[in-house]
Amino acid sequence: MPGIIVVGTQWGDEGKGKAVDALGEKVDLVVRYSGGNNAGHTVVVGGEKFIMHLLPAGILNRNATTVIGNGVVVDLDVLYHELDGLAARGEVVSHPLVSANAHLITSYHQTLDKVTERFAGKKRIGTTGRGIGPTYSDKVNRVGIRVADLLDPELLHDKVVASLEQKNQILVKIFNRREINADLVTEQLLGHADRIRPYIVDCGRLLNDELDKGKVVLFEGAQAHHLDVDHGTYPFVTSSNPTAGGACTGTGVGPTRIDRVIGVVKAYTTRVGEGPFPTELLDADGERLRADGGEFGATTGRPRRCGWFDAPVVEVANRVNGCTDVFLTKLDVLSGWDEIPVCVGYQINGRRSDVYPMTQSEVQAAKPIYQMMPGWKQDITAVRRFDRLPANCQAYVKRLEELIRCRISGIGVGPGREQAIMLNELV
Ligand code: GDP
Ligand code: IMO
Ligand code: MG
C-alpha cells in the first residue's frame, strides 16, 4: 500500500493531523502537497499538544522522512520558527526535504493579503492573512519566487525586482502604503539560504524513487475539498488544490501511484472565515458544539462556525477525491444530546435536492433537510472497539456511512494519539 492520500472533506480542521498521526509508524515518508502555513494540524501525544502549520504533522512520527512538495507555498521564517520550536520542546526531528519548485511567501505577499482583505471590507474572504493567495497568484502569473532561486542570488534579486515593479505601484497608489524595497526582501530571503540549501530536492524524482523501492508515502492534505479553488465554495476558498488530485500535481507523482485516499470527516461541521455554510447554527446549539469540540482556529484562534453534519457536503467530496476510506473524527464531542440532526438534502427555492448543489446561488439558498438521529449519553472517549459504542452511536456512524457512500475505517473518540477505533487497516 505505498501511496496514501489523507484529505479533508469539509471546510478544514477535520482532524487531518490526528488521522495522519494515527497511521503511525508504518509510514516511511510524509509529504505536504498544497497550501502553506494557513494550515493548523494538531497532534496530541502523551497529553502534549503540538500544532504544525507548515511542517507535515507526520514529523512527529520519528521513522518518517518529511517532505514539502512543489505545490506548497513556503514561508521560510515560519519553517525555522516551527523547527526550532519543536527542538526547544525536546523533540528530535529532522529538517524536511523541500522541493526546489515550491514557491516562497515573502513579506510583500503577507502585506498584500492583509491590505486586500481590509480593502474588501464586507466582501472579504476571511483569509488567514499569511500571504497565501498573493503567493499563488504570483505563481500562476509567472512572477513567483521559487525555493531553487535561493541558490542563485542574482537571479533571485532580479525576480524580486520584477515582481515588485507592479506591486509597489498598487501598494502606493491604491492602498496608500509605502513602497517595498527589493534589496531588503532579497536579503531577508537569503538569510535562510545556507540553512535550507542541503535539503532542497527534486521532489518528483525523490518520491518516485522511494515508491519504486516499496516505501510507504503519505500525502498529507491541508485545507479541504470545500476550500479547493476549483471544487470549493468559490470565491470563499483558498488559492490552491487541496483535493486528492493536488497530491499528484503538488509533488510530482502520477495518479497510478496512489493506492488509497482517506477522507477525514468531522462528525459535525465547522468552518472558519466567510462563505456559505448551510447547516450553520447561530444559536445556543452552535455555542454548545463550539464549547464541547473546542472549536477555535488552530492558526488564527478565531472561533469556528459550527453546525450539524451535512451529508451531501461529504458525499460530493468523497466522490471527487475518490476516497477509498473515511476517518471519522470527534464522534465523542456529540455525546450528551437527546437527538442529533443530520442533513440529508436541501430545499432550494422550493425544490428538493439530495445532492450538493452546482452553483454558488443554489448553495447560498440551500436550506437543510434534517433526519433526526437518537443521541447517546455515555462518554465514549475510552472505547476502542466499535461494538462497545452505545447502540445509538453505532447507528449514527452507520447512517453517516450510508449517506456519504464510503466505508468508515477509523473513528476518533478523543484528541489523543491512542483515542481511535480502527475498523479496517489503513496502511
Ligand atoms: P486539521 O487541520 O484537520 O488537522 O484539524 P485541527 O487540528 O485544526 O483541528 C482538529 C481539532 O480537533 C484539534 O484540536 C484536535 O486535537 C482535535 N481532534 C482531532 N480528532 C479528535 C477526536 O476524535 N475527538 C476530539 N475530541 N478531538 C479531536
Ligand atoms: P487546515 O489544514 C480551516 C480558510 C480561511 C479562509 C480561506 C482562505 O488546518 O484544515 P487563505 O489564508 O488560505 O487564503 O484563506 O480558507 N482556511 C482554512 N480553514 N482550516 C484550514 O487549514 C484553512 N486554511 C485556510 O479561514 O476562509
Ligand atoms: Mg486545522
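1. The structure is a predicted model, in which local features need pLDDT of at least 70 and side-chain atom pairs count only at pLDDT 80 or more, while totals for chains, interfaces and linings use all residues. Residues are numbered from 1 along each chain as its sequence is written, chains are lettered from A and ligands numbered from 1 in the order in which they are written, and side-chain values use heavy atoms, with hydrogens and water left out.

2. The magnesium ion (ligand 3) is held at 2.1 to 2.2 Å by Asp13 (OD) and Gly40 (O). Donors here are N, O and S atoms within 2.8 Å of the metal (3.2 Å for Na, K and Ca), and sites may look incomplete because water is not among the atoms.

3. Asp13 lies in the loop between strand 1 (3–8) and helix 1 (16–23), and Gly40 in the loop between strand 2 (29–32) and strand 3 (41–45), so that the pair, 27 residues apart, links distant parts of the chain. Helices (H or I, at least four residues) and strands (E, at least two) are DSSP runs, numbered from the N terminus. Asp13 is partly exposed, with a relative accessible area of 22%, whereas Gly40, at 11%, counts as buried; buried means under 20%, exposed over 50%, and partly exposed in between (1.4 Å probe, protein chains only).

4. Around ligand 1 there are 19 residues, of which Gly15, Lys16, Gly40, Thr42 and Asp332 come nearest; a residue is counted if one of its heavy atoms lies within 4 Å. Helix 1 gives the largest share of this shell, three residues.

5. Taken alone, ligand 1 exposes 580 Å², and the protein buries 93% of that, with areas from the Shrake-Rupley method with a 1.4 Å probe.

6. Ligand 2 is surrounded by 20 residues, the closest being Lys16, His41, Thr128, Gln223 and Thr238. An oxygen atom of ligand 2 is 2.9 Å from a polar backbone atom of Asp13, a backbone N or O atom of Gln223 lies 2.8 Å from an oxygen atom of ligand 2, and for a polar side-chain atom of Thr238 the distance to a ligand 2 oxygen is 2.6 Å. Ligand 2 exposes 540 Å² when taken alone, of which the protein buries 98%.

Key:
Polar contact = N/O pair within 3.5 Å; in protein donor to acceptor, adjacent residues only side chain to side chain.
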